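Reader: I am new to this structure. Please take one part and walk me through it closely.

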Amino acid sequence: MKIVLPTSTAGSLPKPSWLAQPETLWSPWKLAGEELTQGKQDALRLALDDQRQAGIDIVSDGEQTRQHFVTTFIEHLSGVDFESRRTVRIRDRYDASVPTVVGAVERTKPVFVDDAKFLRQQTKQPIKWALPGPMTMIDTLYDDHYKSREKLAWEFARILNQEARELEAAGVDIIQFDEPAFNVFFDEVNDWGVATLEKAADGLKCETAVHICYGYGIKANTDWKKTLGSEWRHYEEAFPKLRESGIDIISLECQNSRVPMDLIELIRGKKVMLGAIDVASDTIETPEQVADTLRKALQFVDAGNLYPSTNCGMAPLSARIAKGKLKALAAGAEIVRRELTDGKLPQGSVGAPACPALA
């Protein structure tokens with residue numbers, strides 16, 4: 001029996017204090033060598049257990065095995081010099097010191113495949129694995145070799161596809177590409193951004209997703225949001241092209257955001273990963289607040305195509321708050337499931353396909 005409204009996290013979960021500094025993005029590891037390897041696995045098991053106890057349907061590693069959602073992947077590639085750093089504008093929003101592309105980029109060995117195999121061994125639940133998307137990768141580097149954002153994006157798409165195919169073979173059910181850059185560089189998204197994303201997902205038989213959000217709840221992002229006005233309509237720039245793409249699931253941020261819910265109409269027919277948890281606030285949503293967000297979304301997407309999730313990752317939050325938000329997400333989805341079963345919401349919306357791994 002399939003699960004309607006399968007829940008998942010969009011990204012990271014808090015790391016334990018013995019692995020890295022809590023409530024801090026991209027903090028250095030506190031362990032090294034074999035102790036770090038074991039510590040990452042222990043943290044992954046804890047993150048998995050938190051998701052299970054909360055009632056999350058599609059589980060992940062909580063990004064416990066990486067410091068940064070982009071650069072940890074890049075660290076494993078040749079052609080990038082982490083000692084030669086430049087300051088660039090990230091997402092056209094804030095300055096950061098980043099590594100430099102100095103030669104042809106290549107993936108000389110798998111990056112996350114062993115971690116995914118370890119997660120697969122721990123659970124029979126469907127698992128989702130996140131990778132950075134090509135456009136967001138190029139926006140997190142200084143390119144002194146290709147000297148073309150598009151050329152470098154195509155190279156990264158090729159490399160990501162190699163990794164994604166091995167992740168699928170390792171038992172991953174959904175591969176998610178994180179593309180917050182899609183909410184910024186609209187012309188490039190439509191000129192080549194979606195095309196490079198599709199290249200990264202080429203040939204995959206598992207479900208594919210693209211996660212597009214307004215970022216972690218850090219000051220640079222919250223300050224930026226304050227400048228965006230009464231309606232955040234960025235998604236309407238990329239959604240029409242994504243609707244035509246082969247990507248299965250498309251995300252959007254909805255909880256406590258100013259994104260008009262009717263923008264979901266632009267991706268009608270796609271599966272929608274809906275952010276129903278605000279990651280920029282320490283306030284834990286009530287299940288009813290989550291349910292209300294999902295009810296509003298059901299005006300524009302069939303229940304079988306709706307994947308309740310978080311707006312973004314929760315690494316900057318405390319473990320207590322993140323656990324509370326996971327429980328609220330699962331409980332809110334269950335409220336709406338019961339309403340669908342009881343006929344309190346349109347029954348016709350249940351018939352669309354659910355996550356195949358949950359069938």
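Author: Start with what the buried residues of helix 1 pack against: helix 3 (113-122) and helix 10 (319-341). This is a predicted model. The buried residues in question are L36, G39, K40, A43, L44, A47, L48, Q51 and A54. Look at the numbering of that list. An α-helix has 3.6 residues a turn, so residues three or four places apart point the same way.

Helix 1 itself covers residues 33-54, 22 residues in total. From first C-alpha to last it reaches 32 Å, close to the 32 Å expected at 1.5 Å a residue. G55 follows helix 1. The phi of G55 is positive, near 95°.

G55 leads on to T7. T7 lies in the segment before helix 1. T7 touches G55, along with I56, D57, I58, P308, L329, A330, A333 and R337. That list leaves out residues up to four places away in sequence. T7 has a relative accessible area of 0%, so T7 is buried.

Now compare another helix pair. Helix 5 (residues 149-169) packs with helix 6 (residues 186-200) at an angle of about 20°. Their axes are 7 Å apart. Because angles under 35 degrees count as roughly parallel, helix 5 is roughly parallel to helix 6. The crossing of these two helices is right-handed. On the helix 5 side, the contact includes R149, W154 and L160.

Notes: Residues numbered from 1 in each chain as written. Predicted model: local features only at pLDDT ≥ 70, side-chain atom pairs only at ≥ 80, totals over all residues. Heavy atoms only, no water. Helix = DSSP H or I, 4+ residues; strand = E, 2+ residues; numbered from the N terminus. Expected span 1.5 Å × (residues − 1). Buried < 20%, exposed > 50% of the residue type's maximum accessible area, 1.4 Å probe, protein only. Contact = heavy atoms within 4.5 Å. Axes fitted to C-alpha atoms, helices over the stretch in contact; angles between N-to-C directions. Parallel < 35°, antiparallel > 145°, perpendicular 65-115°, else oblique. Left-handed = near helix turned anticlockwise from the far one by under 90°.
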